[in-house]
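Please examine the sequence and the three-dimensional structure shown here. The explanation below leads through them step by step.

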Amino acid sequence: MPYSQIITLEQFIVDQQSLYKDAGGSLSRIFRSLELAAKVVNRDVRKAGLVDILGNHGATNTHGEEQKKLDVIANDVFIAALSKSGEVSIVISEENDEPVFVEGCEEEKYIVAIDPLDGSSNIDVNASIGTIFSIYRRNAANKVASLADCMQKGKHQVAAGYIIYGSSTMLVYTTGLGVNGFTLDDSIQEFCLSHPKIQIPSQGKVFSINEGNYADFPEGVQEYVQYCKAKDKETNRPYGARYIGSLIADFHRNLLKGGIFIYPPTEKTPNGKLRLMYECNPMSFIVEQAGGKSSTGKMRVLDVLPEDLHQRVPLFIGSAEMVDMAVSMLNNAGELVAADAR
Ligand code: AHG
Ligand code: MN
Ligand code: MN
């Protein structure tokens with residue numbers, strides 16, 4: 001494509017600004033900060049194998065998990081960039097116990113939630129990792145930002161997106177007007193529109209779940225996994241199993257090709273593993289905007305009222321028909337198997 005026809009992320013956002021009900025350009029400035037931070041982290045990810053920034057940083061995060069150096073770097077870079085935007089009063093991050101109140105911006109109207117580096121156990125093995133972000137408007141009735149402003153349902157997100165540092169680097173986002181994907185052209189360091197108006201197929205051929213935990217899955221999830229693996233020409237089964245261990249990579253593939261990603265409740269983790277604010281809500285907003293579905297198994301993820309900044313919820317996300325089927329098996333455990341046997 002000739003460069004004259006390329007639409008950069010910046011151009012795209014400026015063109016859409018009037019539709020955001022954000023005439024002052026605050027959201028555009030937040031996006032510019034996210035874009036800059038993404039380029040900085042991308043640079044560090046790309047040289048991770050070359051310089052001494054691999055390996056554990058030694059510290060553990062809120063959830064008792066080991067932090068890698070790049071987790072810390074990405075966290076610092078995104079928080080610094082968002083703070084500098086001048087538009088964000090609070091940044092909440094998977095890597096910080098407490099919200100970060102941005103000095104001098106206490107009255108600003110936006111709150112941003114980040115998973116600065118998702119899939120961090122994959123850094124050492126050169127598989128795809130990413131950054132997830134989610135933007136909320138805070139309660140205008142309060143003059144100054146407070147923790148209560150963060151406890152909003154996912155359906156109130158103003159924007160959500162992710163940056164995937166994969167074989168190429170992409171930024172995918174929604175502001176509630178569909179989903180668009182931009183690929184970083186390294187030669188000009190610009191995110192260029194490459195995947196306009198992404199739609200997830202209503203039915204896919206891939207299921208993504210950590211089957212190593214099978215014995216701990218609820219009966220209905222075990223049944224669904226068996227269903228995915230069973231042979232049936234009419235419904236194109238068995239489906240392929242694909243699981244990277246990086247939500248962002250598994251989600252991105254399923255978004256483009258169709259499929260379902262499940263992180264179910266298990267005996268050890270009754271609420272699953274993934275965090276509502278940093279992972280499940282942003283991905284749910286994106287998938288719904290692309291025509292897919294997302295559920296905790298009991299309810300729509302975007303309708304969950306958060307009780308804790310770092311709370312986890314089970315996640316069933318992806319192609320609409322697959323999510324419907326998995327959730328219905330979860331809630332009717334035993335019945336479908338019994339029907340099959342008849
Ligand atoms: P993070 O690196 O931000 O802690 O997230 C890791 C998450 C998610 O990306 C992935 O889908 C999931 O952990 C994998 O968990 P299991 O190893 O238990 O399958
Ligand atoms: Mn994560
Ligand atoms: Mn993370």
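Predicted model: local features only at pLDDT ≥ 70, side-chain atom pairs only at ≥ 80, totals over all residues.

Residues are numbered from 1 along each chain as its sequence is written, chains are lettered from A and ligands numbered from 1 in the order in which they are written, and side-chain values use heavy atoms, with hydrogens and water left out.

We begin with the manganese ion (ligand 2). Its protein donors are Asp-115 (OD), Asp-118 (OD) and Glu-279 (OE), at 1.9 to 2.2 Å from the ion. Donors are N, O and S atoms within 2.8 Å of the metal (3.2 Å for Na, K and Ca); water is not among the atoms, so sites may look incomplete. Along the sequence, the donor residues of this ion follow the spacing D-x2-D-x160-E. Asp-118 belongs to strand E5 and Glu-279 to helix H6 (residues 276–289), so this pair ties together parts that are 161 residues apart in sequence. Helices (H or I, at least four residues) and strands (E, at least two) are DSSP runs, numbered from the N terminus. Asp-118 is buried, with a relative accessible area of 5%, and Glu-279 is buried as well, with a value of 2%. Here, buried means under 20% relative accessible area, exposed over 50%, and partly exposed in between (1.4 Å probe, protein chains only).

Glu-94 lies in the loop between strand E3 (88–93) and strand E4 (100–101), while Asp-115 lies in strand E5 (residues 110–118), so the pair ties together parts that are 21 residues apart in sequence. Glu-94 and Asp-115 are both buried.

Attention now turns to ligand 1. Of the 17 residues around ligand 1, those that come nearest are Asp-118, Asn-210, Tyr-243, Leu-247 and Tyr-263; a residue is near a molecule or strand if one of its heavy atoms lies within 4 Å of it. The shell comprises six nonpolar, five polar and six charged residues. In this grouping, Ala, Val, Leu, Ile, Met, Phe, Trp, Tyr, Cys and Pro count as nonpolar, Asp, Glu, Lys and Arg as charged, and the others, Gly among them, as polar. Strand E5 gives the largest share of the shell, three residues. Domain 1 (3–195) and domain 2 (206–341) both give residues to the shell, so ligand 1 lies between them; the domain bounds come from an automatic or database domain assignment.

Oxygen atoms of ligand 1 also lie 2.8 Å from a backbone N or O atom of Leu-247 and 2.6 Å from a side-chain N or O atom of Tyr-263.

Finally, Gln-152 is located in the loop between strand E6 (129–137) and strand E7 (157–165). Gln-152 counts as buried, at 14% relative accessibility. Its side chain reaches the backbone oxygen of Arg-137 at 2.8 Å and that of Asp-149 at 2.9 Å. Such a polar contact is a pair of N or O atoms within 3.5 Å; within protein, one must be able to donate a hydrogen and the other to accept it, and residues adjacent in sequence count only if both atoms are side-chain atoms.
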